[in-house]
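Visitor: I would like to go through this structure with you. Could you show it to me first?

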Amino acid sequence: MTEKRKQTRTILVLAIVLVVVVAVILGVYLHNRPELTAGDKTITLTVITDETTNTHQISTDAVYLGAALKPGGLVAGEDSQYGLYVKTVDGITVDEAKMQWWCLTKGGAEVYTGVDETPIEDGDTFEFTLTTGY
């Protein structure tokens, strides 16, 4: 085989491998992405501090939690490249000097996405707990 044919064959093999790798990554993403539920749904939000616990029933057709909570003024904060950084929940604002922050959980399990990226389904229960210390 000539040198040029070897180079062409190497490039072709690398291109095929790249396509296969991209296809596998896409398949894994599509298989593991969260299900999005459109339409009317009711969720429960419990706001927990050392002094109080307030529970809210929210009816919404939103797909993500942030879109369900922002219109009613239940959450506020700063927009960032990752979505809304929640600083205020149910009228209670964190005191950053005390290293306070809102911990979001779903059914008691910590949520690792922001409110703008957390999908909701009918019957979901979420909790915002005022937490001190990073």
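Guide: Val-47 has Phe-128 in β8 as its bridge partner. This is a predicted model, in which local features need pLDDT of at least 70, side-chain atom pairs count only at pLDDT 80 or more, and totals for chains, interfaces and linings use all residues. Residues are numbered from 1 along each chain as its sequence is written, and side-chain values use heavy atoms, with hydrogens and water left out.

Visitor: How many bridges join β1 to β8, and do they run parallel or antiparallel?
Guide: Strand β1 (residues 41-48) is joined to β8 by five bridges, and the two run parallel. Strands here are DSSP E runs of at least two residues and helices are H or I runs of at least four, numbered from the N terminus. Two strands pair if DSSP finds at least two bridges between them.

Visitor: Which strands are joined to β6?
Guide: β6 is joined to β8 by seven bridges, running antiparallel, and to β7 by two bridges, also antiparallel. Trp-101 stands opposite Thr-131 in β8. Lys-106 has Phe-126 as its bridge partner in β8 and stands opposite Ala-109 in β7.

Visitor: What lies between β6 and β7 in the hairpin?
Guide: Two residues lie between the strands, and Gly-107 takes a positive phi near 60° in this hairpin.

Visitor: Is β6 mostly covered or mostly open?
Guide: Strand β6 (residues 100-106) is mostly covered, with five of its seven residues buried. Buried means under 20% relative accessible area, exposed over 50%, and partly exposed in between (1.4 Å probe, protein chains only).

Visitor: Changing topic, which residues form the negative surface patch?
Guide: Asp-40, Asp-61, Glu-121 and Asp-122 form it. Patch residues have over 30% relative accessible area and no salt bridge, with like charges joined within 9 Å and nonpolar side chains within 5 Å. A salt bridge is a side-chain nitrogen of Lys or Arg within 4 Å of a carboxyl oxygen of Asp or Glu.

Visitor: Where is Asp-122, and why does it count as exposed?
Guide: Asp-122 is in the loop between β7 (109-110) and β8 (125-132). Asp-122 counts as exposed because its relative accessibility is 55%.

Visitor: What makes the nonpolar surface patch?
Guide: Leu-12, Ile-16, Val-20, Val-24 and Val-28 make a nonpolar patch of about 450 Å². Ile-16 is found in helix α1 (residues 3-32), and counts as partly exposed because its relative accessibility is 48%.

Definitions and conventions: Accessible areas come from the Shrake-Rupley method with a 1.4 Å probe; for residues, only the protein chains shown count as cover. Lys and Arg count as positive and Asp and Glu as negative; His and the chain ends are not counted. The place of a charge is taken as NZ of Lys, CZ of Arg, CG of Asp or CD of Glu.
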